[in-house]
Amino acid sequence: REGRTTLYHFMKGDVYVTDSSKNKGHTASVTGVAFHPLGQEICWSCSYDGSVRQWDVSGRGKTQFQKLVSQKVISKCKNEKGQRTQIVSNLSVHPNGRKIVVGTSCGSIQIWSCFGSSVSTRPLGAVYSAHGGTKPVTFVTFIGDGSKIASRSDSDDTVRIWNVEKLEKDGGSFSRKRSGGDGGHSPSLLLATCRGLPALNESANCAFSPDGTVVCAGSSVNPREPNCCGKLKFYRLPEEPKNGKPIKEAKKEKKKKETAILDPIVELDVAPNASVLVVQWHPKLNQIAVGTSDGLIHVLFDQTLSSKGALIPSSRSVRPSDGLSDLLRTRAPTGSAAFLAGSNANIQTPNALPLFREEARATRKVKEEVRKDPEKTKLPQPPVTGGIKTGTGAGGNISFAQSV
């Protein structure tokens, strides 16, 4: 729980291998990681090398040199012209765990299937110029039921809501007609645009409410401007047309249907002279955690709609004092617990936190144990005794130095 134990080291790929499907890991910085929503044995990662990889963290995954090897490559993203995308900036997993959506630096949103042992060459659906032109898509996320996708870019001040079914239906053939420039997307694909959300950093995101009717996002501010404040804004999504309506009414609605332009219904001042970076809306606790650029985390909750979480410490009332307790507290010896409680002083517990724990002294026995640890001493691998297997792949008894 203190973060001192490392469970896995993921293997880094070879930068000289151009085919990412033949590499054993990412060759550039990792930009996003997501676990399987129904189990914690599988996770996915995206990187600056333009690929999405799947990893088996159940303990049964393949390892090499005590590092975890990538299970398979989910996708090798490409732009509208078929060229390899340089950066996959973010990913999100569908609630059923069968597909993932990624945002790229070329401005596209792509949905990929997670099944199959071979590398997918085409996405299930793709939309290009999602935020207009070549503006990068820095954040994507699924709604709770997986029917919609919210995207955000650090190059504009909007959050856009997309229809997953329409995106997969029209973009499954890797069609170029979805690009359309600024605002050229059909209303059935681009459902709504939430405006008034400037973003000055790539970590800016958004979050859906547990029932999927509201989306919230934070705004960034310039700290040099006086009296500025980062805000958390809420937008109510448009209601979908109900089934069972007459065909004539449905045709009229289709003709009149346009992409909804949404303004915030509620604005909350969260961070004075700071920007709202990250927002998380917990689906079960119904509480919102907001991270700001001044290093603080704010938790928003409701006394009636929220449960547990931050509601537990906030509901504790101050214990009323009686006359006898006050009399005993005044006669308590100096330095005792009752004296400290009466003087509103804090009880110091130096060994409670890892930061204040004193490390053991470097005795001879401790030094010998450290010397035997190959990780702390950075001891190189000893040479292999016996015969070495030869062939196309590295042998089981070959060391790292001999492999290089």
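Tutor: Val159 touches Ala150, Ser151, Arg152, Ala192, Thr193, Cys194, Leu197, Cys206 and Ala217, leaving aside residues up to four places away in sequence. Contact here means heavy atoms within 4.5 Å. This is a predicted model: local features need pLDDT of at least 70, side-chain atom pairs count only at pLDDT 80 or more, and totals for chains, interfaces and linings use all residues. Residues are numbered from 1 along each chain as its sequence is written, and side-chain values use heavy atoms, with hydrogens and water left out.

Val159 belongs to the largest nonpolar core, which has 16 residues. Such a core is a set of buried Ala, Val, Leu, Ile, Met, Phe, Trp, Tyr and Cys residues joined through side-chain atoms within 4.5 Å. Buried means under 20% relative accessible area, exposed over 50%, partly exposed in between (1.4 Å probe, protein chains only). Ile161, Cys206, Phe208, Val215 and Leu262 join Val159 as the residues with the most contacts inside this core. Elements giving two or more residues include strand 13 (158-163) and strand 15 (206-208). Strands are DSSP runs (E, at least two residues), numbered from the N terminus.

A second, separate core of 14 residues includes Val101, Val140, Trp162 and Val164.

Now the loop between strand 15 and strand 16: Ser209 is found there. Ser209 counts as buried because its relative accessibility is 7%. It touches Val214 and Trp281, not counting residues up to four places away in sequence.

How values were computed
Helices (H or I, at least four residues) and strands (E, at least two) are DSSP runs, numbered from the N terminus.
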